[in-house]
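User: I'm new to reading protein models. Can we go through this one together, a question at a time?
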Number of protein chains: 2
Amino acid sequence: VSTPAQKDEIQMKDARGTTVPLDVLSSVPDHHRPDLAHFRTGLSKPDDLEKKHVKDDGTMGQYSLPHPIWTEEEVNKVVITHTPPQSFTDKLAYGSVKFMRWNFDLFSGFKYGKRTERKWLQRIIFLETVAGVPGMVAAMTRHLHSLRRLKRDYGWIHTLLEEAENERMHLMTALQLRNPSALFRWCVVFAQGTFVTLFSAAYLVSPRFCHRFVGYLEEEAVKTYTKCLEDFDSGRLPLWSDMEAPPLAKRYWSLPHDAMMRDVILAIRADEAHHRLVNHTLSDLDKDDPNPFQPGK
Amino acid sequence: VSTPAQKDEIQMKDARGTTVPLDVLSSVPDHHRPDLAHFRTGLSKPDDLEKKHVKDDGTMGQYSLPHPIWTEEEVNKVVITHTPPQSFTDKLAYGSVKFMRWNFDLFSGFKYGKRTERKWLQRIIFLETVAGVPGMVAAMTRHLHSLRRLKRDYGWIHTLLEEAENERMHLMTALQLRNPSALFRWCVVFAQGTFVTLFSAAYLVSPRFCHRFVGYLEEEAVKTYTKCLEDFDSGRLPLWSDMEAPPLAKRYWSLPHDAMMRDVILAIRADEAHHRLVNHTLSDLDKDDPNPFQPGK
Ligand SMILES: [Fe+2]
Ligand SMILES: [Fe+2]
Ligand SMILES: [Fe+2]
Ligand SMILES: [Fe+2]
């Protein structure tokens, strides 16, 4: 197979005369590493497995969008808050989130039995696959709206993309610790299909409702991660208490070299508190008002 | 109306204790400026007009993603190139672009009569409303794929978003110079509806086809802007020859204070040449290969 750099080298140059450097292409991972054979259970081809397992080769999260880097003081002062619903739209958004949470707690079995690291990971992975949807759907909707209506965006898109990427990084971090089962994966696919459809339709009808909805979702996320931290402190999570933060997490949140799992959960909770503020604020604005949030702020 | 900062101030704080600064919110544009009355022709409410006209208050393109800033030497050495189609997929992509271009040239009437600034703006505005679609659709598809399949992205999303934003900035720049008619706006809406649907479906089936397709689209874009520069040099565009670059363009491409319209077209052409390289390269890669392009490079 010829690499892009070998093929049509002259034609492929851009204004800068750039061609794709060969040394970057040679970092393409080898899909046949026998040292991962112990992960193969239940999978037919090594290729499938290797591709499904999220392996951090040191490049994950390397080029992230600007996002807040929290201080120790900031992550520790996060509190559970609630913005009381005022309009009918607010109440509908709040009701939807409460309804979803109640059902999820019931059907995921999270309420029953002992909460372990395994159970926490199941919950976090599932919720973060959903949490990454709204920012991207909203960004795409506003981008296409700007193109279609020949109007400016008023600076919202970068904040929405920052949120989407941040939630996906929460997911990638959790996936450093667990490789979910086939059944779980099907639930994720089903949940995304449903949620992308409903949220996209809702965003076309009422961005105000959608941002309020996400604001309330993030209120719940702060509650969830606060409970997780309480489980750390009451000794319910012995495996995580001694566990170092995954390298991806240290890189993404600029954590110190000796950062632990608890620091990761603290950083994630601070992110969720930030999204809570962002989305409640965006819901208060008209869609042609300028976004008051700067990148990474 | 209470502002977000007044309402529930305590509840709205995030980890950093941020509330939305009031001075930012007060920069929301006044939707009732009588000095824009001369733009009102054919529109019922001043609000409509004011919202449709893309007014740069100095904040447009303020927070753009990293993107290449071209030197004078770079923009001048851009050439028309062609990557010969090799596979069946390549040929299909090339044929689709050729077919679209032929039809567009015919039905837009661009082939007939004198090419003026007005005609160029019509063409550029229309094409850029389409050009902004692929990057965003591809980014969203890969983002959702990563969430749904619990896999990493391999660093493609930032390049795709950079392209989408860059094309939207081409559009916003052209919109500084012209406020299109109602009929034109309907054509744009129709074109987006069709193109978003087809391109999204195609991206799910074959990202390789889609990036090759965009590669060929960008080959045509470089041809188009090269012809525009030839029209400058042969004296066909007297209005633009003496026109300064719009402030948005100077800001976005970091152009010198005395930059002219011709410099803007040169920068746009260099962007298109860059997208040509990027998309032909991405089409050569497998979707789990790392993206060799760094942000803004
Ligand atoms: Fe999250
Ligand atoms: Fe969240
Ligand atoms: Fe363009
Ligand atoms: Fe383009």
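Predicted model: local features only at pLDDT ≥ 70, side-chain atom pairs only at ≥ 80, totals over all residues.

User: Okay, where is A:Tyr154 found?
Analyst: Look at chain A, between two of its helices. One is helix H6 (133–149) and the other is helix H7 (157–175), and A:Tyr154 is in the loop between them.

User: Is A:Tyr154 buried or exposed?
Analyst: Buried means under 20% relative accessible area. A:Tyr154 has 12% relative accessibility, so this residue counts as buried.

User: And what is the phi of A:Tyr154?
Analyst: Most residues other than glycine have a negative phi. A:Tyr154 isn't a glycine, yet its phi is positive. The value is near 65°.

User: What about chain B: what is the phi of B:Tyr154?
Analyst: B:Tyr154 sits in the loop between helix H6 (133–149) and H7 of chain B. With a relative accessible area of 13%, B:Tyr154 is buried. Its phi is positive too, near 65°.

User: Which residue coordinates both the iron ion (ligand 3) and the iron ion (ligand 4)?
Analyst: Start with the iron ion (ligand 3): its donors come from B:Glu128, B:Glu167, B:His170 and B:Glu272, at 2.0 to 2.3 Å. The iron ion (ligand 4) is 3.5 Å away from the iron ion (ligand 3). The residue that coordinates both is B:Glu167.

User: Which helix do B:Glu167 and B:His170 lie in?
Analyst: These two are 3 residues apart, about one turn of a helix. B:Glu167 is buried, with a relative accessible area of 0%, and B:His170 is buried at 0% as well. Both lie in chain B, in helix H7 (residues 157–175).

User: Back to chain A. Which helices do the buried residues of H4(A) pack against?
Analyst: H4(A) covers residues 88–107. Its buried residues include A:Ala93, A:Val97 and A:Phe104. They pack against helix H5 (117–131) and helix H9 (207–233) of chain A.

User: How many residues of H9(A) are buried?
Analyst: First, the length: at 1.5 Å a residue, the 27 residues of H9(A) should span 39 Å, and the end C-alpha atoms are 39 Å apart, so that agrees. H9(A) is also mostly covered. The number buried is 21 of 27.

User: Last one: what is the area of the nonpolar surface patch with A:Trp102?
Analyst: A:Trp102 is in helix H4 of chain A. A:Leu106, A:Phe107 and A:Tyr112 make the patch together with A:Trp102. Its area is about 500 Å².

Conventions
Residues numbered from 1 in each chain as written. Chains lettered and ligands numbered in written order. Heavy atoms only, no water. Helix = DSSP H or I, 4+ residues; strand = E, 2+ residues; numbered from the N terminus. Expected span 1.5 Å × (residues − 1). Buried < 20%, exposed > 50% of the residue type's maximum accessible area, 1.4 Å probe, protein only. Contact = heavy atoms within 4.5 Å. Patch = residues over 30% accessible without salt bridge, like charges linked within 9 Å, V, L, I, M, F, W, Y side chains within 5 Å. Areas by Shrake-Rupley, 256 points an atom, 1.4 Å probe, with all protein chains shown as cover. Salt bridge = Lys/Arg side-chain N within 4 Å of Asp/Glu carboxyl O. Donors = N, O, S within 2.8 Å, 3.2 Å for Na, K, Ca; no water.
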